[in-house]
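Hello,

I am handing over the structure we spoke about, with notes on what was found in it. Please look through it before reading on.

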Amino acid sequence: MTRLVDIRLQRGTRLLLGALPIVVLLLVYLLASEARHLENPADKVLPTFSAMADAIRAFTTDREPNTDRIILVADTLASVYRLGIGLTIATVTALVLGLLLGVMPLARAILGPTIAVIAVIPPVAILPILFIVLGLDEASKIALIAIGIAPFMTRDLTSFVSGLPAEQFTKAQTLGANSWQMTIRVALPQLMPRLIEALRLSMGPAWVFLITAEAVASDVGLGYRIFLVRRYFAMDIILPYVAWISLLAIAADALLLWISRRGFPWAHGGSR
Amino acid sequence: MTPPLLELRNIWVEYGDKIVLERVSLSIAEGSFVAVVGPSGAGKSTFLRLILGQEAPTRGQLLLDGSPMRAACGPDRGVVFQRYSVFPHLTALRNVMFGIECAQAPFAARLFGAQRREARETAVEMLTAVGLEHSLDVYPAQMSGGMQQRLAIAQALVKHPRILLLDEPFGALDPGIRLDMHALITRLWAEHGLTIVMVTHDIGEAFKLGTRVLAFDKRRTDPHAPHRFGAAVTYDLPLDRKTATPSAEVLADLLQKDPA
């Protein structure tokens, strides 16, 4: 008999099996929601799909008074802007520091301990400091995201670069490369796919920091909206918002993976 | 009289109180193919790292072309390791162009226009010489072990090194491919007038390829402090490549010390 670990599936079967738990979860939700509404037609905890559809219609047509944009669009733009700037700052910082620390043992000796200390500080714990220093505007939210993920990415990239085979650097030196040339021609290109990988792993924490900052002090944004309507038990808004955030996260992840495959085929075992 | 290409004068290498090499004195003539054999831990790799410039001797002098050599890797000494000798993120062509680009473009380390075309031509020529003319745009990960070593050799030769160092270059290859590589390196050695120092575990390979075989081993051992005596050259056998066969007793001694 075939062992369980040896069972290999075809693509179609695999997709079908993967969709099964999702369908089951939706069904369970449907049944639970119906049961609650039988008891109490005004139940807000598990809204029906039609109630959610109404809520979706409302927040995709109503306009946000401050910006005169559709609510969902205003929230999404504000959140994606903060996330984008924060991730960009973190990525650039991690790239430069990771390269520097990875290639030069001297730089690693000087900056390594500081970065290790910063990395263990829980970022949300310094959110009040950021609010006091940078104010309640965009800067503090962007800073939280950047400070939250940059140390992790820097450490990951540093250890990756310093772990590249020493033979490669010796070989480069025998081919006449100086430190700068080794950094940009040997370390940097090999670092890039790892940078994207680190960014993909950091997306989860980045969303957490974004939503935390928005929940505490904001007037627009996906996290702000969720925490605002929580006061009215508006699960019919919260659930679609959570789904939308998940969708954005999945799209960002897919985009990064695509960029990595496209830009660095050698790192994915593919051909040109 | 012209000085030998490389001369080692009474070289000692010590790590703390552990002595790795002691009293190594030898000179290597231009155009020779030196094969280095010996058991594990007898300082073969240290010897190679010395010539490569990765390591400085604790005592003694190392002369390249008659002048003291700085302990740093440079383009006058090429190297091929057993693994990780080629850059995985560059195609075969770009791997070979790397050395030319580093020399001609100190800041960008990339060439453009006519210079680039010229570098490309040189690289293609070199790749053709090692039999990779049909794999110009292939990444190392898609190559077999033998192809990767061919590429590593082409990459090193494009810099026209004074000495080519080979650190067990064919150790990971299967026997058939190894024979092909022997033919290739012999041809390149003859055609380009190379000076080669090759570390190998394979004594047959050493006697087949070398014009001179150096055997490293400890001359004396102290059972209570084995680290206090370093290895030295125990056999230095010049070979005529046509009739290269070591005497039976030397071979027996070598084989007994190195089961590989």
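This is a predicted model: local features need pLDDT of at least 70, side-chain atom pairs count only at pLDDT 80 or more; totals for chains, interfaces and linings use all residues.

**Helix packing in chain B**

In chain B, α2(B) passes α3(B) in a right-handed crossing.

On the α2(B) side, the contact is made by B:Ala92, B:Leu93, B:Val96, B:Met97, B:Ile100, B:Glu101 and B:Gln104. On the α3(B) side, the residues are B:Gln115, B:Ala119, B:Arg120, B:Thr122, B:Ala123, B:Met126 and B:Leu127. Sorted by class, the contact of α2(B) with α3(B) has nine nonpolar, three polar and two charged residues.

**Domains of chain B**

Chain B is divided into domain 1 (1–76 + 161–260) and domain 2 (88–159). The centres of these two domains of chain B, taken over C-alpha atoms, are separated by 28 Å. Their contact takes 13 residues from domain 1 of chain B and ten residues from domain 2 of chain B. On the domain 1 side, helix α5 (residues 175–192) of chain B gives the largest share, six residues. That side of domain 1 divides into eleven nonpolar residues, one polar and one charged.

**Where chain B touches chain A**

Between the chains, 25 residues of chain B are in contact with 20 residues of chain A. On the chain B side, β6 (77–80), α2 (92–104) and α4 (145–157) each supply at least two residues. Which element supplies the largest share of that side? It is α2(B), with four residues. By class, the side of chain B that touches chain A has 14 nonpolar, eight polar and three charged residues.

**Helix α7 of chain A**

In chain A, helix α7 (residues 166–174) has these buried residues: A:Gln168, A:Lys171, A:Ala172, A:Gln173 and A:Thr174. What covers the buried residues of α7(A) includes α8 (179–216) of chain A, and also β6 and α4 of chain B. Both β6 and α4 of chain B are also among the elements that each supply at least two residues of the side touching chain A. Just after α7(A), A:Gly176 takes a positive phi of about 95°.

Regards

Technical notes:
Residues are numbered from 1 along each chain as its sequence is written. Chains are lettered from A and ligands numbered from 1 in the order in which they are written. Two residues are in contact if their C-beta atoms, placed from the backbone, lie within 7 Å. Ala, Val, Leu, Ile, Met, Phe, Trp, Tyr, Cys and Pro count as nonpolar, Asp, Glu, Lys and Arg as charged, and the others, Gly among them, as polar. A residue is buried if 20 or more other C-beta atoms lie within 10 Å of its own, exposed if 12 or fewer, and partly exposed in between; C-beta atoms are placed from the backbone. A crossing is left-handed if the near helix is turned anticlockwise from the far one by less than a right angle, and right-handed if clockwise. Domain bounds come from an automatic or database domain assignment.
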